[in-house]
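Here is a short report for a first look at this structure. Keep the sequence and the 3D view open while reading.

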Amino acid sequence: MRTFDSHRLRQTVLRMSKAGSTVHVACAFSLIEMLAVLYRKHLNAPGTGPDDPNRNYLVLSKGHGVMAQYACMHELGWLTDDDIDRYFADGTKLKGLSDAHVPGLEVTSGSLGHGLSVGVGLALAAKRKGTNQKVFAIVGDGEANEGAIWEALLFASHFHLSNLITIIDANGFQAMGTTHEVMDLGHIADKLKAFGLETREVDGHNEAALDRVLTELIHLPGDKPRGLVAHTVKGKGVSFMAGDNRWHYTRLSDETYKAAMAELAGCGGEVHA
Amino acid sequence: MRNAFAAALVKAARSDPRVVLLTGDHGYALFDEMRRVCPGQYINAGVAEQNMVGVAAGLAKGGFRPVVYGLSAFVPVRVLEQIKLDVCYESLPVIFMGDGAGVVYSSLGTSHQSTEDVAALRGVPCMSILSPADASEMTAVMDLAFSSARPVYVRMGKADLGVVHENIPDLQWGRMIPVQKGAGPLVWLATGSMMQTALAAARDWPGSAVWSVPCIKPLDAEHVAAVCGRHEAVVVLEEHSVYGGLGSAVAECTSTHGPTWICRVGVQDRFSRYCGSYDYLMREHKLDVESVKAQVRDFLIMRQVRQSVRPLAA
């Protein structure tokens with residue numbers, strides 16, 4: 001197993017994006033550290049596969065960030081170099097949005113506001129079976145426009161799903177602009193608290209802080225569902241992508257690919273020819 | 001019929017702790033026995049149908065056998081995307097109960113009436129659609145639904161129209177059930193609430209065969225075409241739009257395996273205009289016995305005219 005180094009994870013995302021000429025690079029980049037910490041410590045027991053019946057569930061409700069999850073699955077050996085470098089080739093299995101037919105992806109999302117409810121159901125199932133499984137559900141701040149997200153949070157509180165940890169990827173952007181411009185969420189942490197979640201906020205790119213707060217939330221006593229607002233930067237990790245919403249849609253050219261890979265290599269990532 | 005559903009649910013829940021009922025704050029009194037006998041397997045998910053279906057999907061993924069109950073105007077129509085993505089794409093064993101299908105809520109208006117639910121679901125892969133006509137069929141339908149490891153929609157329409165079968169019929173996926181034998185020129189295929197209307201109207205055409213169609217999807221196309229092929233023309237009756245429901249399905253089957261003349265009796269691509277009793281609205285939509293007879297007579301005249309102008313034989 002590899003170390004989920006954030007620079008290498010971003011390079012894997014770039015490889016996929018270049019191979020498939022895909023969009024949504026920036027949507028994946030805001031999730032990298034969050035997923036690295038989760039996969040390193042809080043999801044599968046070492047050596048277990050994606051279908052391990054005792055696994056903790058990672059529900060990517062924000063399906064647009066799926067390349068970040070593929071990069072982690074590549075680190076685990078669940079995906080091969082061929083899967084990465086032939087992304088979007090005819091007849092391949094990895095799609096541009098989360099798809100539950102892929103082992104390791106728990107939900108089919110991309111149409112937003114679905115995954116959190118399925119995660120609520122998984123958490124309820126675990127409670128009823130008396131297992132100790134946790135559900136980590138990652139929701140985009142743009143996705144929080146969807147009414148179903150708030151239905152799910154109401155339900156999670158009412159049924160005391162303390163094994164559900166809802167993580168908001170608060171990168172401040174959605175497809176057409178900032179969340180402030182498009183549909184102002186106000187103070188998202190206050191909203192989660194108002195819905196009955198035991199809520200924390202964290203710098204979503206500080207791995208030590210993420211690990212600390214996730215560990216705290218997991219072990220916190222009480223029957224409230226848990227919420228974590230991860231303040232992130234859309235496009236984090238590559239200087240010319242960070243905070244620039246055009247990288248929700250822009251495809252990599254040869255030049256931007258090389259520049260981004262080199263910048264990550266200079267920060268400790270791998271040097272690619 | 002609703003009591004047969006409630007009894008089947010309680011029986012399944014008692015014998016299998018994985019069975020859980022989710023309701024969107026509907027079903028007053030219907031679940032009294034369920035709540036008394038298996039209180040831990042009853043979940044009121046509140047007035048939040050989208051989340052309810054997602055939760056059902058998560059429960060099914062976690063090994064449970066959810067039954068999702070709602071009015072058919074909301075389950076499946078309001079939550080069609082959740083059914084498609086969260087449940088059907090993974091072919092999860094979730095049973096959806098759509099109560100009050102058709103124009104049962106005659107006085108409440110369009111929001112509670114549902115004449116497009118079958119059409120909406122027929123195109124969703126992995127979903128089966130069952131539509132019982134009486135309490136015995138409901139018992140058979142629930143047995144079939146609980147025996148399935150895939151998504152099933154049970155359409156529950158007007159529930160107190162009387163007995164069709166003296167015993168619980170032998171129900172198999174894709175097959176119709178014979179109700180009245182006959183070798184006359186007409187065969188009548190009816191589903192759900194239109195079964196009694198079919199039997200009553202068919203009396204004007206002696207020798208009519210009448211079949212009940214509790215399984216709308218899957219439908220065994222060769223079986224349907226073979227049954228239709230024994231007669232000169234077919235009448236299909238449903239309390240649903242003539243677009244996308246049983247009539248369409250029968251036309252699809254026969255057009256490939258044995259083209260024939262089909263009179264599709266149903267709601268004519270429009271909303272209910274007025275308020276009133278169930279019987280009143282059924283008359284408004286020309287789904288009462290006298291209106292059905294008139295439609296069939298007109299259809300047979302039209303068929304005769306067309307055949308004499310353009311004979312099929314060379």
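Asp99(B) counts as buried, at 3% relative accessibility. Buried means under 20% relative accessible area, exposed means over 50%, and partly exposed lies in between (1.4 Å probe, protein chains only). This is a predicted model, in which local features need pLDDT of at least 70 and side-chain atom pairs count only at pLDDT 80 or more, while totals for chains, interfaces and linings use all residues. Residues are numbered from 1 along each chain as its sequence is written, chains are lettered from A and ligands numbered from 1 in the order in which they are written, and side-chain values use heavy atoms, with hydrogens and water left out.

What does Asp99(B) meet in a salt bridge? Its partner is the side chain of Arg2(B), at 2.8 Å from N to O. A salt bridge here is a side-chain nitrogen of Lys or Arg within 4 Å of a carboxyl oxygen of Asp or Glu. Arg2(B) lies in helix 1 (residues 2-15) of chain B and Asp99(B) in strand 4 of chain B, so the pair ties together parts that are 97 residues apart in sequence. Helices (H or I, at least four residues) and strands (E, at least two) are DSSP runs, numbered from the N terminus. Arg2(B) is partly exposed, with 30% relative accessibility. Over all chains, the count comes to 27 salt bridges.

## A salt-bridge network

Another salt bridge joins the side chains of Lys293(B) and Asp204(B), at 3.5 Å from N to O. Lys293(B) sits in helix 11 (residues 289-309) of chain B. Asp204(B) is in the loop between helix 7 (195-202) and strand 9 (209-212) of chain B. The pair therefore ties together parts that are 89 residues apart in sequence. Lys293(B) is buried, at 10% relative accessible area. Asp204(B) is partly exposed, at 41%. Shared partners join Asp204(B), Glu290(B), Lys293(B) and Arg297(B) into one network of salt bridges.

Helix 11 of chain B also holds Val305(B). This residue is partly exposed, at 46% relative accessibility. Val305(B) and Val289(B) are 16 residues apart in sequence, and their C-alpha atoms are 25 Å apart in space.

## Lysines and rings

Lys158(B) has two partners to look at. It forms a salt bridge with Asp160(B), with the closest N and O atoms 3.6 Å apart. Lys158(B) also lies over the face of Tyr278(B), at 4.9 Å from the ring centre. A charge sits over a ring if NZ of Lys or CZ of Arg is within 6 Å of the ring centre and within 35 degrees of the ring normal. Lys158(B) is partly exposed, at 22% relative accessible area. Asp160(B) is exposed, at 56%.

In chain A, Lys18(A) lies over the face of Tyr257(A), at 6.0 Å from the ring centre.

## Aromatic pairs

Rings of Phe, Tyr and Trp (its six-membered ring) pair if their centres lie within 6.5 Å; planes under 30 degrees apart count as stacked, over 60 as edge-to-face and the rest as tilted. By this rule there are 11 aromatic pairs over all chains. Why is the pair of Trp150(A) and Phe195(A) tilted? The ring centres are 4.9 Å apart and the planes stand at 50°, so the pair is tilted. Trp150(A) is in helix 7 (residues 147-158) of chain A. Phe195(A) is in the loop between helix 9 (188-194) and strand 6 (198-203) of chain A, 45 residues apart from Trp150(A). Trp150(A) is buried, at 16% relative accessible area, and Phe195(A) is partly exposed, at 25%.

In chain B, one aromatic cluster is formed by Phe5(B), Phe31(B), Tyr42(B) and Tyr69(B).

## Two loop residues

Gln113(B) lies in the loop between strand 4 (95-99) and helix 5 (117-122) of chain B. Gln113(B) is buried, at 9% relative accessible area. Leaving aside neighbours within four places in sequence, its contacts include Ala73(B), Tyr105(B), Ser272(B) and Leu281(B). Contact means heavy atoms within 4.5 Å.

Gly243(A) is in the loop between strand 7 (226-231) and helix 11 (254-266) of chain A. Gly243(A) is partly exposed, at 40% relative accessibility. Beyond neighbours within four places in sequence, Gly243(A) is in contact with Phe173(A), Val233(A) and Lys234(A).
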